[in-house]
Amino acid sequence: MYLSAHHVVSPVRGEGINAFYYVHGHDWDADVPPQMFPEVNPGELFDQSIAIPPPGNRVRSFLDVVAPDGASPTEIRQGFVVFVSRSRGTPLPWRGTFGRCLFHIGMDLGLVNQWHTEVAVLFRATFTVRGWGP
Amino acid sequence: MNEAAERYFKLMFDLLVARQLNGGDLPDDEEARRAEELDEQWALMTDAEREQAEAVFSGPSLVGAPEDLQQEDLELSKGATDPPRREAA
């Protein structure tokens, strides 16, 4: 699966979080296969949560998560925590593979001072669009 | 990661989101309730898990970010096989 959350802004429609849930139809046992990277094959869009209707909104921050379709929320959360703790202190964007999951985070300079909250909001949005509510 | 650490990270992410949704802060009693829950999990965590938590949630230490990501989103329908954003035109 590919989960993506965007913090977007539009001069007309305002600012908010959009999120997308794609399915790959594949599972894997080790590292994410390169052919499942979002830029190569995002999968098939299964659901989306739209606060600011596209197209053309400027993306201020994003979080991408790639994991096997059958991955559990616990597996993804644990990988994400390791990813953030190891990436912190390095220049954005961050991208890394942990276990069977790949994570990618980017944000613009204006959000850096509130990066903890930004990351948490994006992470929550990916879980929500996947159907893993609070 | 044991169950307490897993719970701790979930609670912290939830707390950050709740503050954001509430405009930055939560009422004192809710902050206190959440802090108590966090403390309970913290007490059950290993030193390594606590260090990891501090690495994730302690003060800002981001090194560099672009002024603008130069990306824009796309309008997609269910079943689409395009990614949800692209380089801005």
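Helices (H or I, at least four residues) and strands (E, at least two) are DSSP runs, numbered from the N terminus. In this predicted model, local features need pLDDT of at least 70 and side-chain atom pairs count only at pLDDT 80 or more, while totals for chains, interfaces and linings use all residues. Residues are numbered from 1 along each chain as its sequence is written, chains are lettered from A in the order in which they are written, and side-chain values use heavy atoms, with hydrogens and water left out.

Chain B has three helices and two strands, in the order α-α-α-β-β from the N terminus. Its radius of gyration (over C-alpha atoms) is 19 Å, well over the 12 Å given for 89 residues by the globule rule (2.2 Å times the number of residues to the power 0.38), so chain B is more spread out than a compact globule. The C-alpha trace of chain B spans about 50 × 30 × 30 Å along its principal axes.

The table describes the contact (heavy atoms within 4.5 Å) between the two chains.

| Item | Value |
|---|---|
| Residues from chain A | 53 residues |
| Residues from chain B | 40 residues |
| Area buried between chain A and chain B | about 4100 Å² |

Buried area is the accessible area (1.4 Å probe) lost by two parts on being put together, summed over both; here 60% of it lies on carbon and sulfur atoms. Three salt bridges (side-chain nitrogen of Lys or Arg within 4 Å of a carboxyl oxygen of Asp or Glu) are counted between chain A and chain B. One of them joins Arg124(A) to Asp14(B), with the closest N and O atoms 2.8 Å apart.
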